[in-house]
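Subject: Structure handover

Hello,

Here is the structure I promised to pass on. Please open it alongside this message.

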Amino acid sequence: MAKEKEKTCLVACSVLKRELQQLVKEGKLEAEVVFVSKNFHVDYAALESNVRKVLEHTKKRFKGKIVLVYGDLCLGQEGEMKKLAQEYGVAKIDAVNCIDCQMGGKGVFLSADPNHNLMFMGPGMIEFFADMKENLKRQGVNDAAFAGMFSGIKGIVLLDTCGDEERCREALARSGMNLKVLETRCIGTDGVLAVVMDAINHASRIK
C-alpha cells in the first residue's frame, strides 16, 4: 500500500489569492491555503501580529507541512520574515516580495527594475492600491495627493497572471495612480507554482 502523501498548508498573503486559487482549481497545487489580508502591508506591526496569530492557529490544528508564502522584505529590510519562519519552524518561499514570487522568485525582481522607477502590478497589487486609495480618502487624502505619491515612477509593467489583462487595465485606469501601462507580460501562474513547490519540498526537510 502506497504511503499517504503528507498534506500541505500555505499561509499566504492575499495579494496572491487569485494565482493560488487558480492553481488549486486547476489541480496543479495540492494544498490548503489560509490567506492573511494584503491590507496589513501598510503596517509592519499589524502584519506581524496577524501572521503570528494565523501561524499559531495553523500549527495547532494542522499536522502536515506548513509554508509561509511571503517575501523576504514583507516585514522589513533585516530579514524579519525569514526569522519569523524560523521561529515557527516552517518553510518560507524564496522570494523578495509577491512580485518576485509571480516572476519566479530568487530575486529576479531586483534585476528586472535596476533603476527602481517601475511598478510591477499583478491582480492582487491592483486591488491593494485601490483599497489604499479608499482608506486614504477617508483620512482626508484627495485624488491629487494620492496620484502625487507615484510622481517618481516611470510607469507600470502589468503582470497578467490569470489571463484577464483587459480587466486589469480597466482597474488601473480607474485607480487614480495616473500612471501609463508601459507593457504587459503574460506570465501566467508558473512562477508562483515553481516558488511554492520549491518551498514545499524544503518543508519536507524541516522537522
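Below are my notes on helix packing and a few loop residues.

One point before the details: this is a predicted model.

S14 sits in the loop that joins strand 1 (8–13) to helix 1 (17–25). Is S14 buried or exposed? Its relative accessibility is 11%, so S14 counts as buried, the cut-off for buried being under 20%. Leaving aside residues up to four places away in sequence, S14 touches F35, V36, S37 and K38.

Now the helix itself. E19, L20 and L23 are buried in helix 1. They span an arc of only 95° around the axis, so they lie on the same side of helix 1. In general, an α-helix has 3.6 residues a turn, so residues three or four places apart point the same way.

What do the buried residues of helix 1 pack against? Two strands are involved: strand 1 and strand 2 (32–36). Helix 4 (98–102), helix 6 (123–138) and helix 9 (190–203) are the helices they pack against. After helix 1 comes G27, with a positive phi near 80°.

Helix 1 with helix 9. The two pack at an angle of about 80°, and their axes are 10 Å apart. Helix 1 and helix 9 are therefore roughly perpendicular, as angles of 65 to 115 degrees count as such. E19, L20 and L23 make the contact from helix 1, and V192, L193 and V196 make it from helix 9. By class, the residues of this contact are five nonpolar, no polar and one charged.

Helix 6 with helix 8. Here the angle is about 20° between helix 6 and helix 8 (residues 165–174), with the axes 10 Å apart. Helix 6 and helix 8 are therefore roughly parallel to each other. The crossing of helix 6 past helix 8 is left-handed. On the helix 6 side, the contact uses P123, I126, E127 and K133. On the helix 8 side, it uses R167, C168, A171, L172 and R174. The residues of the contact between helix 6 and helix 8 divide into five nonpolar, no polar and four charged.

Helix 2 with helix 3. Helix 2 (residues 44–61) packs on helix 3 (residues 80–88) at about 25°, with axes 11 Å apart. Helix 2 is therefore roughly parallel to helix 3. Helix 2 passes helix 3 in a right-handed crossing. V51, R52, L55, E56 and K59 of helix 2 meet L84, E87 and Y88 of helix 3. The contact of helix 2 with helix 3 has four nonpolar, no polar and four charged residues.

Most residues other than glycine have a negative phi. Which way does phi go at H116? H116 has a positive phi, about 55°, although it is not a glycine. H116 lies in the loop between helix 5 (108–112) and strand 5 (118–121). H116 counts as exposed because its relative accessibility is 61%, and the cut-off for exposed is over 50%.

N178 is not a glycine either, and its phi is positive at about 60°. You will find N178 in the loop between helix 8 and strand 7 (181–185). N178 is exposed, with a relative accessible area of 70%.

Best wishes

Conventions: Residues are numbered from 1 along each chain as its sequence is written. This is a predicted model: local features need pLDDT of at least 70, side-chain atom pairs count only at pLDDT 80 or more; totals for chains, interfaces and linings use all residues. Side-chain values use heavy atoms; hydrogens and water are left out. Helices (H or I, at least four residues) and strands (E, at least two) are DSSP runs, numbered from the N terminus. Buried means under 20% relative accessible area, exposed over 50%, partly exposed in between (1.4 Å probe, protein chains only). Contact means heavy atoms within 4.5 Å. The arc is that of the directions from the helix axis to the C-beta atoms. Axes are lines fitted to C-alpha atoms, for helices over the stretch in contact, and angles run from 0 to 180 degrees between N-to-C directions. Angles under 35 degrees count as roughly parallel, over 145 as roughly antiparallel, 65 to 115 as roughly perpendicular and the rest as oblique. Ala, Val, Leu, Ile, Met, Phe, Trp, Tyr, Cys and Pro count as nonpolar, Asp, Glu, Lys and Arg as charged, and the others, Gly among them, as polar. A crossing is left-handed if the near helix is turned anticlockwise from the far one by less than a right angle, and right-handed if clockwise.
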